[in-house]
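Dear colleague,

Please find the structure below, handed over for your reference. A description of its main features follows.

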Amino acid sequence: MIIAVVLVVACVVGLVVLRRRFLVVGVTGPSMRPALSDGDRVLVRRCSVESVRRGDVVVLLGPRVPGHGLSPAEFLSGATNDERRLMVKRVVALPGDPVADGSGVLLADEIVVTGDNAGMSFDSRQAGPFDAGGVRGVVVRRIGRAR
């Protein structure tokens with residue numbers, strides 16, 4: 001009986017540790033094709049921007065989009081919604097990197113990300129640099145498709 005309790009406690013502790021280190025994110029939309037497709041699920045190692053390298057695929061908070069998710073009546077009434085969604089994108093530039101267009105250097109809290117499918121991606125090409133503090137982790141691997 002004691003062995004069973006110890007095993008259960010060990011499993012629970014192990015799951016808590018894994019959940020703190022990793023998360024599973026579903027990919028929505030075609031922005032990362034061909035590397036990732038709509039419906040894919042990816043395993044993400046939680047980390048901050050300091051652990052990210054150029055070329056990594058990351059999960060990060062998207063920019064705030066005023067009015068996103070509001071009904072037309074709510075939007076017209078002046079209501080706001082600062083909801084930020086998780087996005088899966090590839091890192092092009094990190095804090096301190098020079099900006100490709102020659103306009104300067106990224107600030108310490110900025111990151112440039114793009115989708116692999118340029119024609120179908122909302123990313124730094126439209127929104128400019130993203131908040132580096134919004135990085136939630138690096139994609140480790142695709143683990144299947146959502147059911």
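This is a predicted model: local features need pLDDT of at least 70, side-chain atom pairs count only at pLDDT 80 or more; totals for chains, interfaces and linings use all residues.

Residues are numbered from 1 along each chain as its sequence is written, and side-chain values use heavy atoms, with hydrogens and water left out.

Overall architecture

The protein has three helices and seven strands; helices (H or I, at least four residues) and strands (E, at least two) are DSSP runs, numbered from the N terminus. Along the sequence these elements follow the pattern α-β-β-β-α-β-β-α-β-β. Of the 147 residues in the protein, 31% are buried, where buried means under 20% relative accessible area, exposed over 50%, and partly exposed in between (1.4 Å probe, protein chains only). Among contacts with a separation of 6 or more, 60% come from residues 24 or more positions apart; a contact means heavy atoms within 4.5 Å.

The sheet

The seven strands form an open sheet with antiparallel pairing, in the order β1-β2-β7-β3-β4-β5-β6. Its edge strands, β1 (22-26) and β6 (130-131), each pair on one side only. Two strands pair if DSSP finds at least two bridges between them. Five bridges join β1 to β2 (residues 40-46) in the antiparallel sense. Across this pair, V25 stands opposite V42 in β2, and F22 stands opposite R45 in β2.

Helix α1 and the surface

Helix α1 lies across β1 and β2 and runs at about 95° to β2; axes are lines fitted to C-alpha atoms, for helices over the stretch in contact, and angles run from 0 to 180 degrees between N-to-C directions. V13 belongs to α1 (residues 2-21) and is partly exposed, with a relative accessible area of 47%. Together with M1, V5, V9 and V17, V13 forms a nonpolar surface patch of about 510 Å² of accessible area. Accessible areas come from the Shrake-Rupley method with a 1.4 Å probe, and for residues only the protein chains shown count as cover.

Yours sincerely

Conventions: Patches are made of residues with over 30% relative accessible area and no salt bridge: like charges are joined within 9 Å, nonpolar side chains (Val, Leu, Ile, Met, Phe, Trp, Tyr) within 5 Å. A salt bridge is a side-chain nitrogen of Lys or Arg within 4 Å of a carboxyl oxygen of Asp or Glu.
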